[in-house]
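Hello,

Here is the structure I promised to pass on. Please have a look, then read my notes below.

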Amino acid sequence: VALDTAAALARRAESIAWIRTLLAATAGRQPHLGCFEMHEWAMVYRQTQAEVRHNSWPLRLSPEETARTVEANRVRCSHFDAFRFFTAPARPLNLLAPSRETQHAFEQPGCLHANMDLYKWAYKLSPLVPSELVADAFALARDIRTLDMRASPYDLADLGYPPVRVETVEGRHEYVQAQRSFAERAAPLRARLIAE
């Protein structure tokens, strides 16, 4: 069995071009660090425990404390697939208004979700890209998702994920260090995907 690369490229040319343009645009920007996970907090902003999307898991802070945390931090989420889950009252707090149409203009390499998406893009490009690249992108996405959940407003300690308390100075410092490390790990994977 052999892959008909020419046929696959012809059938998926528009999608491949869209992904490549997004990856190249993202790679060409400076990483913005210091969002402090406010995208996850904005998804529960001004909601009660019963209203939150994942309400089987308790929030670490009260709804009032959660709201104060969001309001005390500059919300600058550039990732549409995170922004679209913001609560209605949280949307105006975001400095950007990302959409699918503006994704190429806003995506940046410091974003945890943009870096987790490298797995999505590698998987979508399969089997046109090496399986090792898909596996490497998956490993990065898994590691990033751990930070994404540890720094979220949810209390996941019972699952073995102690919080990164981004509501504190120490927690924000820990978050930025991890975010920087993930951006550095993601850069060569993004370059490999662009090259493929």
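Partly exposed residues are those between buried, under 20% relative accessible area, and exposed, over 50%. The model is predicted, so keep that in mind throughout.

L159 has a relative accessible area of 46%, so L159 is partly exposed. L159 is found in the loop between helix 8 (131–150) and helix 9 (169–195). Together with W57 and Y161, L159 makes a nonpolar surface patch of about 280 Å².

Now the aromatic rings. Two rings count as a pair if their centres lie within 6.5 Å. By this rule there are four aromatic pairs. One of them joins Y119 and Y123: the ring centres are 6.0 Å apart and the planes stand at 45°, so the pair is tilted.

Y119 is partly exposed, because its relative accessibility is 27%. Y123 has a relative accessible area of 54%, so Y123 is exposed. Ring pairs also bring in F138, linking Y119, Y123 and F138 into a cluster.

Last, charges over rings. The charged end of K120 sits over the ring of W121, 4.6 Å from the ring centre. R172 lies over the face of F36, with 5.7 Å to the ring centre.

Best wishes

Conventions: Residues numbered from 1 in each chain as written. Predicted model: local features only at pLDDT ≥ 70, side-chain atom pairs only at ≥ 80, totals over all residues. Heavy atoms only, no water. Patch = residues over 30% accessible without salt bridge, like charges linked within 9 Å, V, L, I, M, F, W, Y side chains within 5 Å. Areas by Shrake-Rupley, 256 points an atom, 1.4 Å probe, with all protein chains shown as cover. Salt bridge = Lys/Arg side-chain N within 4 Å of Asp/Glu carboxyl O. Helix = DSSP H or I, 4+ residues; strand = E, 2+ residues; numbered from the N terminus. Buried < 20%, exposed > 50% of the residue type's maximum accessible area, 1.4 Å probe, protein only. Phe/Tyr/Trp six-rings, centres within 6.5 Å; stacked < 30°, edge-to-face > 60°. Lys NZ or Arg CZ within 6 Å of the ring centre and 35° of its normal.
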